[in-house]
Amino acid sequence: MEKRQLHKSVISWIVERKIDYMRGTMKYVALLSGGKDSCYNLSHCNANGHHLVAAATLAPPSGKDEIDSYMYQTVGQDAIEFVARALEVPLYRCVIQGDAIEQNAEYGSRSAGGAGVLGDETEDLYTLLENVKVHHPDVQGVSVGAILSNYQRVRVEHVCRRLSLTPLAYLWQRDQAELLSEMIAAGVKSVLIKVAGIGLTVKHLGKTLNEMQDTLTRLNSIYGLHICGEGGEYETLTLDSPLFKHRIVLDETEVVMHTDNEFAPVAYLRIKQASLCPKESSMDGRVEVPPLLEDRFDELKNVVENSVIGGYETSSGGTYQPTNRPRCIPDHPSTHAVGSWLAIGNIHPDSSLNSGIPFEEHVRDCFIRLQGILESHALRMADVTNITLLLPSLAPKIFAAANKIYAEFFGVSPPSRACVGVDLPEEVNVILECIARKDNTRRALHVQGLSYWAPANIGPYSQAVTVEPYVFVSGQIGLLPPSLTLPSPPSFALETALVFQHTDRVIRAANTAGGHVLLALYWLVDDANTKHTRRACEMFCEKTPTLFLVVASLPRGARIEKQVLVHTGEFTVPDGDEDTFTQVPRLPDFLCGDIHAEHTQIFRTVDFLPGNVHVECDMTASSEMILGSTRPSMLNWQVSRFDVPGTSPLLEADFSSGWSSVSRVLFGDRDIPATTYIPCRYIGTQGSDEQWDWAVALVGVS
């Protein structure tokens, strides 16, 4: 069988601590504000098998009921001791001494090192949890009640990473209306102790969530008020919860008016006296756990299951032979700049390195070489947007070793990443490629906590990095988010459904308006599963340039990994005259077809295919070409492009006219893009079960 290969322009693709992922339980500390979210999250920690050993809280200085903190709920601190006593765990307190010095979306440096910001209130949390670890050295997790606030999540995760703690954030990205209903149904009794949102008044202080649900829902529909108060519209104090051993009674309170506004007064309850009482009935502590899959992804799982049961699992008929390993690769990295973008491909260890030195040194040499290339273009590691890491195997020992070195070169908000195991030449055991851009608007979605939402990163990478108008999404595998384990018993159908759902959720979290997938790569380890993955794509109506690529191994023993590039669909175009501009949304066009050619110039599979494409155009091209064969060659092409009036011309070639027009696009007289050779055991595309000898994935950027 001919060996397969993927030529991938790095213009299309481009750390962090290694989390100690556990299959069992962990002891954890509750980060308590006393509010509904921090208390209800404890029930989900319990439902996932974790054991509460302590509570911790940050309080305002003595003599102050409340301070203006970006991070912490301080109102209700006069009753927080009763919450800990109701839980029957020790309480650790620390006074907030810092200010919100670093108010940007990121906290800390993108450079490796991991230090915090001196004098910032976030460092008070570090001091608090460090003290907890002194008294409870076996604590491994921190319960966090964050639902929507990236600002809070990023800072808590930064502190947890430095202390080798895992955030447990089971409310993260949950639908607020559903969440409020679940809290009430579970027996959470929380009362409003502060109001600060339009439509809420002093009369609402002291009312329970059950009493306020209709009002909050109505204010949400009228004014967009966050039903769970994520916009700071109200704060709560929890008097009873499934894990409470006692209930709290407020014996005496006092209303404090902060701002007397007719439409949105700011007022809070001062707790002057409270007590604990035995609970009338025992709660079993059970809570409603959200379904693993949304309805549409559950349907997708059924489609894949039916594909497997229906007998589509027959293999391609070819057997990959180890002797088909590529014998050599180009000696030097491949670079290409397009405006402010820089693509670097084919980075591998210096050939002078002794093959007997530790694997870690080979990885380190790659990143040192990358660092040097970036510096020669006035860029830093912090400017890297996306990385593809190719290893000879993703066995746990190799994957962990690579991540350990990888983390030495990145701090907060590391680049997105895809990591796959491929059949590298015997003398090469790591190759990487990346794309970088110096851009002050760069945003990273870097979620490190366990939740029901999507998997925390299992290496030093971000789930997605946005550099407008592009969103680079890391390769997603089918892990169960609460445990970071693969489905057991194994199920390719469930893995596939999870991969689709994870990708969708990451895209929506990275860019609230969503976006348009311009290029999709499905990495697989069994060519039989390409057919089932095609069925999933057909059911999901994915019309985008797509490749199905079978490689040697994937992280954690996964059988499928999905990597996508997304465009926001937003364009800035001239508005009538040359001096003004406006934002316009656009949908991409998807074009595809086949070309049959009796006489075609054949490029050997060991060659690199140079080429270029126009702005905002994403393309895959794959071809079955048998050297010396009399059979006609065939090329399948797929293009996703935007046609936006007022912008520069896009892809202009007419693909219907044959190979010559395609070659003008791929091999035009312009500069050759950065390329990386990726050996694949099987290559396929959408719309056909044919397997291909080579493929090219190209992306043009503005």
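What volume does the second largest pocket have? In this predicted model, the second largest pocket comes to about 960 Å³. Its lining is made up of 40 residues, and those closest to its centre are Met71, Tyr72, Gln73, Gln152 and Glu235. Sorted by class, the lining of the second largest pocket has 17 nonpolar, 16 polar and 7 charged residues.

Now let's turn to the largest pocket, which holds about 1200 Å³ of space. Here 47 residues form the lining, with Trp172, Gln173, Trp453, Arg505 and Ala509 closest to the centre. Two or more lining residues come from each of helix H4 (150–162), helix H5 (176–186), strand S16 (443–445) and helix H10 (492–510). H4 gives the most to the lining of the largest pocket, namely 7 residues. The class make-up of the largest pocket's lining is 20 nonpolar, 11 polar and 16 charged residues.

Finally, let's move to the surface. Ile198, Ile222, Tyr223 and Phe263 form a nonpolar patch there, and together they have about 430 Å² of accessible area. One of these, Tyr223, sits in helix H6, which spans residues 209–223. Is Tyr223 buried, partly exposed or exposed? Tyr223 counts as partly exposed because its relative accessibility is 47%, and the partly exposed class lies between under 20% for buried and over 50% for exposed.

Technical notes: Residues numbered from 1 in each chain as written. Predicted model: local features only at pLDDT ≥ 70, side-chain atom pairs only at ≥ 80, totals over all residues. Heavy atoms only, no water. Patch = residues over 30% accessible without salt bridge, like charges linked within 9 Å, V, L, I, M, F, W, Y side chains within 5 Å. Areas by Shrake-Rupley, 256 points an atom, 1.4 Å probe, with all protein chains shown as cover. Salt bridge = Lys/Arg side-chain N within 4 Å of Asp/Glu carboxyl O. Helix = DSSP H or I, 4+ residues; strand = E, 2+ residues; numbered from the N terminus. Buried < 20%, exposed > 50% of the residue type's maximum accessible area, 1.4 Å probe, protein only. 1 Å grid on protein atoms, 1.4 Å probe; cavity = no way out; pocket = protein on both sides within 12 Å on 5 of 7 lines; lining within 4 Å. Points joined across faces, edges and corners; volume = space filled by probe spheres on them. Nonpolar A, V, L, I, M, F, W, Y, C, P; charged D, E, K, R; others polar.
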